[in-house]
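Please keep the structure open as you go through the points below.

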Amino acid sequence: MRVLIVEDEQRLAEALSQIMLEQRYAADVVYDGNDGLAYALSGQYDVVVLDVMLPGRNGFDVVREMRAQKNATPVLLLTARDELPDKVKGLDCGADDYMTKPFAPEELLARVRALSRRQGDVVLEELAFQDLTLSLSTRSLACGAKSVTLGYKEFEVLRLLLANPRMIVPKEDIITKVWGSDSDAEDNNVEAYISFLRKKLYFLGSRVSIGTVRKVGYKLEAVEV
């Protein structure tokens, strides 16, 4: 299982990560709402453990935007607030469960396991942006009547970009999520696959382009006609 932890209290975030690692779950940790949203929208996680009071963007806004982007990853809100209106607001925003601090690790793990099982009820079949549609089952990228089948890494890179439309995806994130955190892949590996994808977009005649944000990363852009 792969879990995303979004928590600005560093000691608690590290404790949560350790709890997950002891269960042999993969855990990524981010410390503010904007990063949390970007990571959550990547579609790489089975469950998101999300604090409510975060810098940049609060947990309510994060889960609301996830659902607006049709991201169905289960979300467990974790907060010190225990007032009923806050619980109702969290669930109404699209969260799947709600826990208040302090909590027992055993209960946290039980809720995470329950949410991961629930995810099987919702299966996203494709990602789309402007005139592009990417099939998640066949790796087929289509634009109008034309389509191409992407290689595995091409598919993974484009899936990250499509899951975060118009948002900058840093090169470091692409390397971590496509090649793995222990990989020796470098920026030029990413640049090569971005080049491959640009050629395929040109072949398809798409109005979508992959823009370069110098020294940062890439983002999808719609070409004006």
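Predicted model: local features only at pLDDT ≥ 70, side-chain atom pairs only at ≥ 80, totals over all residues.

Let's start with a charged pair: Lys-101 and Glu-7 form a salt bridge, with their closest N and O atoms 3.2 Å apart.

- Glu-7 has a relative accessible area of 1%, and buried means under 20%, so Glu-7 counts as buried.
- The side chain of Glu-7 also reaches the backbone nitrogen of Glu-9, at 2.9 Å.
- Leaving aside residues up to four places away in sequence, Glu-7 touches Leu-12, Ala-13, Val-30, Tyr-31, Asp-51, Leu-54 and Lys-101.

**Other salt bridges**

- Side chains of opposite charge can pair when their charged atoms come close.
- The structure holds eleven salt bridges.
- One of them joins the side chains of Asp-97 and Arg-111, at 2.8 Å from N to O. This pair links distant parts of the chain, with Asp-97 in strand E5 and Arg-111 in helix H5, 14 residues apart.
- Are Asp-97 and Arg-111 buried or partly exposed? Asp-97 counts as buried because its relative accessibility is 18%, whereas Arg-111, at 24%, counts as partly exposed. The cut-off that separates these two classes is 20%.
- Glu-191 and Lys-171 meet through their side chains in another salt bridge, at 2.9 Å from N to O. Glu-191 belongs to helix H8 (residues 187-204) and Lys-171 to helix H7 (residues 171-179), so this pair ties together parts that are 20 residues apart in sequence.
- In this pair, Glu-191 is partly exposed, with a relative accessible area of 36%, while Lys-171 counts as buried at 13%.

**Helix H1**

- H1 has 13 residues. From its first C-alpha to its last it reaches 18 Å, close to the 18 Å expected at 1.5 Å a residue.
- The buried residues in H1 are Leu-12, Ala-13, Leu-16, Ser-17, Ile-19 and Met-20. Two of these, Leu-12 and Ala-13, are also among the residues that Glu-7 touches.
- Why do the buried residues of H1 line one face of the helix? Seen down the helix axis, they fall within an arc of 155°, so they line one face.
- After H1 comes Arg-24, which has a positive phi, near 65°.

**Cysteines**

- How many disulfides does a search of the whole structure find? The search finds zero.
- A disulfide is a covalent bond between the sulfur atoms of two cysteines.
- Cys-93 has a relative accessible area of 10%, so it is buried. Cys-143 counts as buried too, because its relative accessibility is 9%.

Conventions:
Residues numbered from 1 in each chain as written. Heavy atoms only, no water. Salt bridge = Lys/Arg side-chain N within 4 Å of Asp/Glu carboxyl O. Helix = DSSP H or I, 4+ residues; strand = E, 2+ residues; numbered from the N terminus. Buried < 20%, exposed > 50% of the residue type's maximum accessible area, 1.4 Å probe, protein only. Expected span 1.5 Å × (residues − 1). Arc of directions from axis to C-beta. Disulfide = S-S within 2.5 Å. Polar contact = N/O pair within 3.5 Å; in protein donor to acceptor, adjacent residues only side chain to side chain. Contact = heavy atoms within 4.5 Å.
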